[in-house]
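This report describes one protein chain for a reader who is new to structures. Please look over the sequence and the model before reading on.

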Amino acid sequence: MSDDVLSVIPTDPHWQPEPAAAERAASLVEDLAPGLPDGVDVEIDVTWHDALTVVDCGQNLQKIGCPQCGASIDTEWWADLLEAHCDDGFATLVVVVPCCGAATSLDALEYDWPCGFARFEIAIWNP
């Protein structure tokens with residue numbers, strides 16, 4: 001059985017809240033997240049990342065579209081990119097896409113199943 005994770009991330013990938021604000025947000029998420037059928041609360045993880053980190057949809061990623069030319073981007077390119085940055089995160093989101101050679105931002109790519117980048121994340125496990 002696989003886990004489902006619902007991640008809440010800021011719209012600004014560089015932003016991180018103060019600890020008190022993060023606690024309030026996590027409390028709100030906990031109030032909104034339904035419990036499991038057997039009465040057990042869902043697991044919620046609050047994480048501050050030192051570097052920009054991908055928050056991806058794992059195996060659910062169907063396709064990636066280029067915001068510049070509209071072409072599909074090979075998911076193998078994406079997988080190689082993630083592997084290259086898995087230990088240290090991303091120093092920048094600027095990238096040259098393989099389809100048309102245009103410079104764009106990774107958070108501007110069109111992901112079929114949501115993906116994002118963040119330095120702060122609230123993850124709700126099996127909501």
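How much accessible surface does the chain have, and what percentage of it belongs to carbon and sulfur atoms? The accessible surface comes to about 8000 Å², and 50% of it belongs to carbon and sulfur atoms. The model is a predicted one, and the values below are computed from it.

**Overall layout**

The chain has 127 residues, of which 31% are buried. Along the principal axes, its C-alpha atoms fill a box of roughly 50 × 35 × 25 Å. Two helices and eight strands are found in the chain. In sequence order, these elements follow the pattern β-α-β-β-β-α-β-β-β-β. Contacts between residues at least 6 apart in sequence can also be sorted by separation: 78% of them join residues at least 24 apart.

**The sheet**

Strands of a sheet pair through backbone hydrogen bonds, in either a parallel or an antiparallel way. In this chain, three strands form an open sheet in the order β4-β3-β7, and the pairing is antiparallel. Strands β4 (72–73) and β7 (110–112) are the edges, since each of them pairs on one side only. Strand β3, residues 63–65, is joined to β4 by two bridges, and these two strands run antiparallel. Within that pairing, isoleucine 64 has isoleucine 73 of β4 as its bridge partner.

**The cysteines**

How many disulfides does the chain have? The count is zero. Cysteine 99 is in no disulfide, and the nearest cysteine sulfur to it, in cysteine 66, is 3.6 Å away. For cysteine 100, the closest cysteine sulfur is that of cysteine 69; the distance is 3.8 Å, so the two are too far apart for a bond. A disulfide would need the two sulfur atoms to be within 2.5 Å. The table lists the accessibility of cysteine 99 and cysteine 100, along with that of threonine 104, which is described next.

| Residue | Relative accessibility | Class |
|---|---|---|
| Cysteine 99 | 33% | partly exposed |
| Cysteine 100 | 39% | partly exposed |
| Threonine 104 | 10% | buried |

**Threonine 104**

Threonine 104 lies in strand β6, which covers residues 103–105. Is threonine 104 buried or exposed? Threonine 104 counts as buried because its relative accessibility is 10%, and the cut-off for buried is under 20%. Leaving out residues up to four places away in sequence, threonine 104 touches Pro67, Gln68, Leu93, Val94, Val95, Val97 and Leu109.

Terms used. Residues are numbered from 1 along each chain as its sequence is written. This is a predicted model: local features need pLDDT of at least 70, side-chain atom pairs count only at pLDDT 80 or more; totals for chains, interfaces and linings use all residues. Side-chain values use heavy atoms; hydrogens and water are left out. Two strands pair if DSSP finds at least two bridges between them. Helices (H or I, at least four residues) and strands (E, at least two) are DSSP runs, numbered from the N terminus. Buried means under 20% relative accessible area, exposed over 50%, partly exposed in between (1.4 Å probe, protein chains only). Contact means heavy atoms within 4.5 Å. Accessible areas come from the Shrake-Rupley method with a 1.4 Å probe; for residues, only the protein chains shown count as cover.
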